[in-house]
Each structure stands twice: as C-alpha cells, then as structure tokens.
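Have the sequence and the coordinates open while reading.

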Amino acid sequence: MYLKFLNLGCPGLDYDNTPPLELYRRLKKHLAAGGVVFLLGDFWRPSFPVSRFFGRRTRTPEGAAMLAIEQQVPVVPFYGFRERGFRHRLIFKEPLYLYSSFTRATRTDAANLLNRFMERVIRERPEGWFYWFNAEERWEPELPQDTARNGRSRHHTA
C-alpha cells in the first residue's frame, strides 16, 4: 500500500520503521501546512496503548486521536470494500471534531470512540476486514477494573 501511495506522489511513514517522535513531528508539520494524513486505525502492535475493540482489551494506535486533539484537526472516518472484481467503493463519513470533546487526558476515550466506528464497519462487512490474520494475537486478559467498565467509556457516540 505504501508503494501505491508513493507512486501517486504521497510519501508514507511506516509505524515499524519510523521512530515515534519523528513520526509525530513529520505528521504535525504536514498538518500545519494544510496537508491530509491517512492513518490506518486497525493495527495492532504490543507497544501500542491499551484500548478496547469489540468490547475486549487490546492495543491499537492512538495517533489519529492524538493528532486530532493536539492539532485541532478533524478526523474523517472512512472505509472501503470490494464491490466486484477490482472495483472498490470508499465510504466517507462526517468529520469528527474530537478536540471539541476530548483532551490529552481523555485521548484513550477518543481512540476507543474511533475503534467503535471500526467495529460497526467490520460487523457490516466482515468479509472485507483485512486484519483477520492476527485476530487471535491481539486480545489481552481482562483486568478486574475492565469488567466493571464493560468496555465503555463515558463518551458513547461515534
């Protein structure tokens, strides 16, 4: 996917090959210059912050929430699916202005809100979900305080 975007003139940054501070600085600079950033939200790494996905404890990136809150930029949720053959459809939703409802201290809640958007999309079209391949690796044991929250933050809309 990175090579496709590169061929279109959009150089990408890879989570695994770019140090986090450099990644943040470059994305922040790009946004400040009026750029658009595409971030894949459903990605798992053991170093990512703890989050909720499908009501279970896991780790997902908080980059979209962090940039939206700290840079006061909207998040435009979207998803794609294959219609037939090599024909795909992209569906863009209304922008989310996370910075108007969340702060640095509630960034995890904002990331979980975005995760719930992904859950709905995956439930609608599970055959199009790219990351089934490591689904069994991404879940972590529940902690006693997690069962009390039942996977919900105080912000329930997405």
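Residues 24 or more positions apart make up 59% of the chain's contacts with a separation of 6 or more; a contact means heavy atoms within 4.5 Å. The model is predicted, so local features need pLDDT of at least 70 and side-chain atom pairs count only at pLDDT 80 or more, while totals for chains, interfaces and linings use all residues. Residues are numbered from 1 along each chain as its sequence is written, and side-chain values use heavy atoms, with hydrogens and water left out.

## Fold and surface

The protein chain has five helices and four strands. Along the sequence they run α-α-β-β-α-β-β-α-α. Both kinds of element are DSSP runs numbered from the N terminus: helices are H or I with at least four residues, strands are E with at least two.

The chain has 158 residues, and 34% of them count as buried. Buried means under 20% relative accessible area, exposed means over 50%, and partly exposed lies in between (1.4 Å probe, protein chains only). The accessible surface comes to about 10700 Å². Carbon and sulfur atoms hold 57% of that surface. These areas come from the Shrake-Rupley method with a 1.4 Å probe; for residues, only the protein chains shown count as cover.

## The second largest pocket

The second largest pocket has a volume of about 430 Å³. A pocket is found on a 1 Å grid over the protein atoms alone, as an open set of points where a 1.4 Å probe fits, with protein on both sides within 12 Å along at least five of seven lines. Grid points are joined across faces, edges and corners, and the volume is the space filled by probe spheres set on the points.

Its lining counts 19 residues, each with an atom within 4 Å of a point. Tyr 15, Pro 20, Leu 23, Phe 48 and Met 66 lie nearest the centre. Two elements give two or more residues to this lining: α2 (20–32) and α3 (63–71). The top contributor is α2, with five residues. By type, the lining divides into 12 nonpolar, three polar and four charged residues. Here Ala, Val, Leu, Ile, Met, Phe, Trp, Tyr, Cys and Pro are nonpolar, Asp, Glu, Lys and Arg are charged, and the others, Gly among them, are polar.

Thr 18 sits in the loop between α1 (2–7) and α2. Thr 18 is buried, because its relative accessible area is 10%. Beyond its neighbours within four places in sequence, Thr 18 contacts Leu 13 and Leu 23. Leu 23 is also one of the residues nearest the pocket centre.

Helix α3 has buried residues too: Gly 63, Ala 65, Leu 67, Ala 68 and Ile 69. Their cover includes α2 and α4 (107–124).

Gln 72 lies in the loop between α3 and β3 (78–84) and is exposed, at 54% relative accessible area. Phe 54 is another non-glycine residue with a positive phi, about 55°. Phe 54 belongs to the loop between β1 (50–53) and β2 (56–59). At 22% relative accessibility, Phe 54 is partly exposed.

## Salt bridges

Side chains of opposite charge can pair when their charged atoms come close. The structure holds nine salt bridges. Each is a side-chain nitrogen of Lys or Arg within 4 Å of a carboxyl oxygen of Asp or Glu. Three of them are tabulated.

| Pair | N to O distance |
|---|---|
| Arg 57 and Glu 140 | 2.9 Å |
| Arg 107 and Glu 62 | 2.8 Å |
| Arg 89 and Glu 83 | 2.4 Å |

Arg 57 in strand β2 and Glu 140 in the loop between α4 and α5 (144–149) are 83 residues apart, so this pair links distant parts of the chain. Both Arg 57 and Glu 140 are buried.

The pair of Arg 107 in α4 and Glu 62 in the loop between β2 and α3 also links distant parts, 45 residues apart. Arg 107 is partly exposed at 24%, whereas Glu 62 is buried at 9%.

Arg 89 and Glu 83 count as partly exposed, with 37% for Arg 89 and 31% for Glu 83. Shared partners join Glu 62, Glu 70, Arg 104 and Arg 107 into one salt-bridge network.
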